[in-house]
Amino acid sequence: MMTEEEIIELEKTYSESKIQHICVCWFRNTFPQVANLLFAVPNGGYRTPKTGAQMQYEGAVSGVSDLILLFPSGGKASLCLETKVPKRKGSSAGTQSKNQKAWQMLVEQYGSSYAVYHGLLEFVRIVCAYLKANPQPYIDRILKTYAIYR
């Protein structure tokens with residue numbers, strides 16, 4: 001069994017990609033009936049100029065969140081989730097870009113929720129708040145089983 005503090009410390013060593021993967025795995029295992037309504041938007045990472053131009057041509061939008069839960073709840077159309085590494089002293093890592101902040105304002109203006117998360121425990125609390133579910137049973141299970149998500 002791990003403590004919340006131990007998980008948070010461990011996740012400080014993870015990449016954004018690994019944090020996102022762990023969170024998607026947790027969601028899909030926890031809510032299998034709507035598992036595929038949480039999906040990644042392949043908008044980040046390195047792209048060649050040709051690939052970047054092709055993505056723009058096809059409709060890619062700068063600043064779009066990493067994950068979208070396309071499930072209405074509490075009068076909101078969807079939950080947009082931006083994955084960030086835990087904040088590190090003296091680094092801009094873990095903070096939103098200007099384009100991400102602008103996209104957040106836009107989706108919130110038109111009826112969606114938006115949240116930034118930095119690890120699994122924060123993700124669980126955000127998703128549960130959005131779905132109007134008590135996060136504590138899920139947190140308790142994670143503390144007992146976190147090793148399966150690593």
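Is Cys128 buried or exposed? Cys128 is buried, with a relative accessible area of 0%. The views below come from a predicted model.

**View 1. The cysteines form zero disulfides.**
A disulfide is a covalent bond between the sulfur atoms of two cysteines. The structure holds zero of them. Take Cys25 to begin with. Its closest cysteine sulfur is that of Cys23, 9.3 Å away. Cys128 is in no disulfide either. For Cys128, the nearest cysteine sulfur is again in Cys23, at 12 Å. The surroundings of the two residues can be set side by side. Cys25 is partly exposed, with a relative accessible area of 27%, whereas Cys128 is buried at 0%.

**View 2. Helix H1 crosses helix H5.**
H1 spans residues 4-11, and H5 spans residues 120-131. Two packed helices are described by the angle between their axes and the distance between the axes. Here the axes come within 9 Å. They cross at roughly 115 degrees. The two helices are therefore roughly perpendicular to each other. From H1, the contact takes in Glu4, Ile7, Ile8 and Glu11. From H5, it takes in Leu120, Leu121 and Arg125. By kind, the contact residues are four nonpolar, three charged and no polar.

**View 3. Four strands make an open sheet.**
The strand order is E1-E2-E3-E4, and the pairing is mixed. Strand E1 (38-40) and strand E4 (113-117) sit at the edges. Each edge strand pairs on one side only. Neighbouring strands are turned by 20 degrees against each other on average, direction ignored.

Ala40 has Leu67 in E2 as its bridge partner. Ile68 is bridged to Cys80 in E3. Glu82 is bridged to Val116 in E4.

**View 4. Helices H4 and H5 pack on the sheet.**
Helix H4 covers residues 98-109. H4 touches E2, strand E3 (79-83) and E4. The direction of H4 makes about 145 degrees with that of E4. H5 touches E1, E2, E3 and E4. The direction of H5 makes about 165 degrees with that of E4.

**View 5. Strand E3 is largely enclosed by the rest of the structure.**
Why is E3 described as largely enclosed? Five of the five residues of E3 are buried, so the rest of the structure largely encloses this strand. Both of its faces are covered. Leu79, Leu81 and Thr83 lie on one side. Cys80 and Glu82 lie on the other. Strand E4 is mostly covered, with four of its five residues buried.

**View 6. Ala115 sits in strand E4.**
Ala115 counts as buried, at 13% relative accessibility. Leu81 is 34 residues away along the chain, yet the two C-alpha atoms are separated by 5.1 Å. Leaving out residues up to four places away in sequence, Ala115 touches Cys80, Leu81, Glu82 and Ile126.

**View 7. Ser17 lies in helix H2.**
H2 spans residues 16-30. Ser17 counts as exposed, at 56% relative accessibility. How far apart are Ser17 and Val85 in space, C-alpha to C-alpha? The distance from Ser17 to Val85 is 8.9 Å. In sequence, Ser17 and Val85 are 68 residues apart.

**View 8. Lys132 has a positive phi.**
Most residues other than glycine have a negative phi. For Lys132, phi is near 60 degrees, a positive value in a residue other than glycine. Lys132 is found in the loop between H5 and helix H6 (136-145). Lys132 counts as exposed, at 64% relative accessibility.

How values were computed
Residues numbered from 1 in each chain as written. Predicted model: local features only at pLDDT ≥ 70, side-chain atom pairs only at ≥ 80, totals over all residues. Heavy atoms only, no water. Disulfide = S-S within 2.5 Å. Buried < 20%, exposed > 50% of the residue type's maximum accessible area, 1.4 Å probe, protein only. Axes fitted to C-alpha atoms, helices over the stretch in contact; angles between N-to-C directions. Parallel < 35°, antiparallel > 145°, perpendicular 65-115°, else oblique. Contact = heavy atoms within 4.5 Å. Nonpolar A, V, L, I, M, F, W, Y, C, P; charged D, E, K, R; others polar. Pairing = 2+ DSSP bridges.
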